[in-house]
Amino acid sequence: MFVEGVVVLGALGGGLALFTGWTAKRVEAAVPPRGRFMEIDGCRVHYLDDGAPGDTRPALVMVHGLGGQMHHFSHSLLARLRADYRVILIDRPGSGYSTRPDGAPANLRAQAALIVAVIRALDLPHPPFLVGHSLGGAIALAVALDHPDAVSGIGLIAALTHPETDPPAVFKGLAIRSDIARRLVAWTLATPMSFLRGQAVLAAVFGPDPVPADFATAGGGLLGLRPQAFRGASIDMVAVNDDLPAMVADYAAITRPVHMIFARGDRILNWQTHAEALKQTLPALDLTLIEGGHMLPVTAPDAVAAWIRRAAPIG
């Protein structure tokens with residue numbers, strides 16, 4: 001019986017791995033890379049630069065959140081900003097089409113250093129305005145603390161600013177500390193579970209706003225079905241509190257302008273915990289509160305674009 005059980009489990013695992021690989025190929029055919037690549041510290045970084053060499057318009061560098069990728073910005077915001085700004089979207093390492101070498105650090109300050117390396121490699125004529133959504137907001141804060149000369153200011157959209165002792169329910173499945181277990185789940189259970197729970201997860205992440213009908217493709221939602229997306233998001237989530245407590249203690253030392261937009265109905269991050277608390281520590285914070293949920297770059301692009309224009313004026 002034991003041997004038979006091992007054979008059945010092995011066959012089941014092999015079947016799930018084949019299904020996962022087949023799904024990943026289908027996803028990548030439906031949502032291919034749309035930008036360029038550069039090598040930074042062993043990472044192959046996928047980025048979209050909507051400008052051109054010699055472009056002197058104010059630059060926006062935009063960094064997505066946990067489990068996301070650049071399509072969260074290109075879905076609706078890019079078209080609203082590209083006439084006035086040189087917009088640069090980055091897939092963080094381990095997300096979208098960017099890779100992260102095994103063993104590479106995923107803590108916030110390491111990710112901030114990599115974003116700054118990308119900015120410097122682009123050789124922009126002026127420091128850009130850095131926009132971070134959710135976890136990307138925490139990375140933007142790390143840039144403001146550690147590399148203030150690299151940016152003209154930072155904009156935080158529904159940003160993680162303080163440690164979360166209990167992660168949102170929809171992300172608890174990512175809390176895997178063993179990379180062996182993480183890889184095993186990524187190649188067996190993660191993809192089929194995403195098919196089963198995908199609509200419920202999206203409803204929680206977007207709520208109370210509706211999920212756009214084209215989010216799977218135009219918003220890159222399908223990319224989350226790939227095993228590397230699960231593994232990258234798990235690595236990010238496990239590392240998120242390595243730096244955040246110390247960063248909180250240093251927020252008052254930030255010298256660059258900081259702007260934030262947050263929705264009162266956000267079901268992933270509470271606006272009082274992350275926006276109001278940051279305002280208490282950093283009184284100069286320019287805070288804008290609106291109605292809606294967590295995915296403001298997709299669900300409230302007009303409001304976010306207007307907020308960016310106020311935070312990073314073009315003239």
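Colleague: What should the 15 residues of α4 span at 1.5 Å a residue?
Modeller: They should span 21 Å, and the end C-alpha atoms of α4 are 21 Å apart, which agrees. The expected span is 1.5 Å times one less than the number of residues. Helices here are DSSP runs of H or I with at least four residues, strands are runs of E with at least two, and both are numbered from the N terminus.

Colleague: What ground rules apply to the model?
Modeller: It is a predicted model, so local features need pLDDT of at least 70 and side-chain atom pairs count only at pLDDT 80 or more, while totals for chains, interfaces and linings use all residues. Residues are numbered from 1 along each chain as its sequence is written, and side-chain values use heavy atoms, with hydrogens and water left out.

Colleague: Back to α4. Which residues are buried there?
Modeller: L108, Q111, A112, L114, I115, V116, V118, I119 and L122. Buried means under 20% relative accessible area, exposed means over 50%, and partly exposed is in between (1.4 Å probe, protein chains only).

Colleague: And what follows α4?
Modeller: D123 does, and its phi is positive, near 50 degrees.

Colleague: Switching to charges. How many salt bridges are there?
Modeller: The count comes to 17. The rule is a side-chain nitrogen of Lys or Arg within 4 Å of a carboxyl oxygen of Asp or Glu.

Colleague: What does D84 pair with?
Modeller: With R309; the closest N and O atoms are 3.1 Å apart. D84 sits in the loop between α3 (77-81) and β4 (86-90) and R309 in helix α12 (residues 301-311), so the pair ties together parts 225 residues apart in sequence. D84 is partly exposed at 25% relative accessibility. R309 is partly exposed too, at 31%.

Colleague: How about R92, what is its partner?
Modeller: D236, with the closest N and O atoms 2.9 Å apart.

Colleague: Is R92 buried or exposed?
Modeller: R92 is buried, with a relative accessible area of 0%. D236 is buried as well, at 2%.

Colleague: Which residues form a salt-bridge network?
Modeller: D102, D179, R182, R183 and R231. Within it, R183 and D102 meet at 3.0 Å, N to O. R183 is in helix α6 (residues 179-187) and D102 in the loop between β4 and α4, 81 residues apart. R183 is partly exposed at 34% relative accessibility, whereas D102 is exposed at 58%.

Colleague: Now rings. How many aromatic pairs does a search of the whole structure find?
Modeller: Three. In one of them, F206 and F215 have ring centres 5.0 Å apart and planes at 80 degrees, so the pair is edge-to-face. Rings of Phe, Tyr and Trp (its six-membered ring) pair if their centres lie within 6.5 Å; planes under 30 degrees apart are stacked, over 60 edge-to-face, the rest tilted. F206 is buried at 0% relative accessible area, and F215 is buried at 5%.

Colleague: Which residues make up the aromatic cluster?
Modeller: F19, W22 and F195. F195 is in helix α7 (residues 190-206) and is partly exposed, with a relative accessible area of 48%.
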